[in-house]
Amino acid sequence: MDDLSDLPLSALLTRFSDASPTPGGGSASALAGAVGASLVAMVAGLSGRKATSDAARDELARLEQAALALASDLRDGIARDAAAYDAVRTAFALPKATDVEKAIRKSSTQSALKQAADTPLAIAETCLRCGDLALEALEKGNPNVITDAAVGLLLALAA
């Protein structure tokens with residue numbers, strides 16, 4: 001599968017609207033979370049430039065770096081989630097004519113289903129961390145850009 005996060009936005013949105021199960025909700029959650037984390041990073045970066053103390057600048061730089069790391073992880077999660085579900089589809093397509101084939105198919109399906117559940121769970125956990133960072137940005141950020149932090153929080157919570 002191609003790296004969905006490398007697609008132009010219009011192509012990615014087309015992929016989401018295609019009559020195909022992937023990318024689906026987990027990938028969309030990762031995308032929303034990545035945008036939210038990116039907004040938090042922007043708020044922290046802009047606020048750090050206007051900070052009046054070294055301690056505030058350092059704290060905002062830490063916040064910015066943490067948000068960028070989450071944004072990167074969530075960006076990668078767009079494709080990870082689609083790949084996890086594609087593995088389920090591949091496992092269900094395995095032959096099941098013999099007892100050996102049935103056993104292989106069952107084992108492969110169970111493994112793929114576990115990964116297909118673990119991947120969006122990890123995305124959700126990362127989005128919760130993004131929400132925590134957004135709350136920090138709301139508290140510590142420059143008042144001129146806190147609405148961006150609020151949107152980052154809403155995207156993280158929606159994700």
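Trainee: In this predicted model, is Asp73 buried, exposed or partly exposed, and which residue forms a salt bridge with Asp73?

Mentor: Asp73 is partly exposed, with a relative accessible area of 29%. As a general idea, side chains of opposite charge can pair when their charged atoms come close. Here Asp73 forms a salt bridge with Arg80, and the closest N and O atoms are 3.4 Å apart. Arg80 itself counts as partly exposed, at 37% relative accessibility.

Trainee: How many salt bridges does the structure hold, and where do Asp118 and Lys114 lie?

Mentor: The structure holds nine salt bridges. An α-helix has 3.6 residues a turn, so residues three or four places apart point the same way. Asp118 and Lys114 both lie in helix H4, four residues apart, which is about one turn of the helix. They form a salt bridge whose closest N and O atoms are 2.6 Å apart; Asp118 is partly exposed at 31% relative accessibility, whereas Lys114 is exposed at 54%.

Trainee: What separates Arg57 from Asp54 in helix H3?

Mentor: Arg57 and Asp54 are separated by about one helical turn, because they are three residues apart in helix H3, residues 54-92. Their salt bridge has its closest N and O atoms 2.6 Å apart, with Arg57 partly exposed at 34% relative accessibility and Asp54 exposed at 53%. Salt bridges also link Glu59, Arg62, Glu136 and Lys140 in a network.

Trainee: How should I read helix H5, and which of its residues are buried?

Mentor: Begin with its length: at 1.5 Å a residue, the 13 residues of H5 should span 18 Å, and the end C-alpha atoms are 18 Å apart, which agrees. The buried residues of H5 are Ala149, Gly152, Leu153 and Ala156. They cover an arc of only 100° around the axis, so they are on the same side of H5. On the other side of H5, Thr147, Leu154 and Ala158 are exposed, while what covers the buried residues includes H2 and H4.

Trainee: Where is Asn142 found, and which residues is Asn142 in contact with, leaving aside its neighbours within four places in sequence?

Mentor: Asn142 is found in the loop between helix H4 (99-140) and helix H5 (146-158). Although in a loop, Asn142 counts as buried, at 17% relative accessibility. Leaving aside neighbours within four places in sequence, Asn142 is in contact with Ser47 and Lys50.

Trainee: Last, is the peptide bond from Thr22 to Pro23 cis or trans, and where does Pro23 lie?

Mentor: Most peptide bonds are trans. The bond from Thr22 to Pro23 is cis, with omega near -5°, and Pro23 lies in the loop between helix H1 (9-17) and helix H2 (25-50).

Methods:
Residues numbered from 1 in each chain as written. Predicted model: local features only at pLDDT ≥ 70, side-chain atom pairs only at ≥ 80, totals over all residues. Heavy atoms only, no water. Helix = DSSP H or I, 4+ residues; strand = E, 2+ residues; numbered from the N terminus. Buried < 20%, exposed > 50% of the residue type's maximum accessible area, 1.4 Å probe, protein only. Contact = heavy atoms within 4.5 Å. Expected span 1.5 Å × (residues − 1). Arc of directions from axis to C-beta. Salt bridge = Lys/Arg side-chain N within 4 Å of Asp/Glu carboxyl O.
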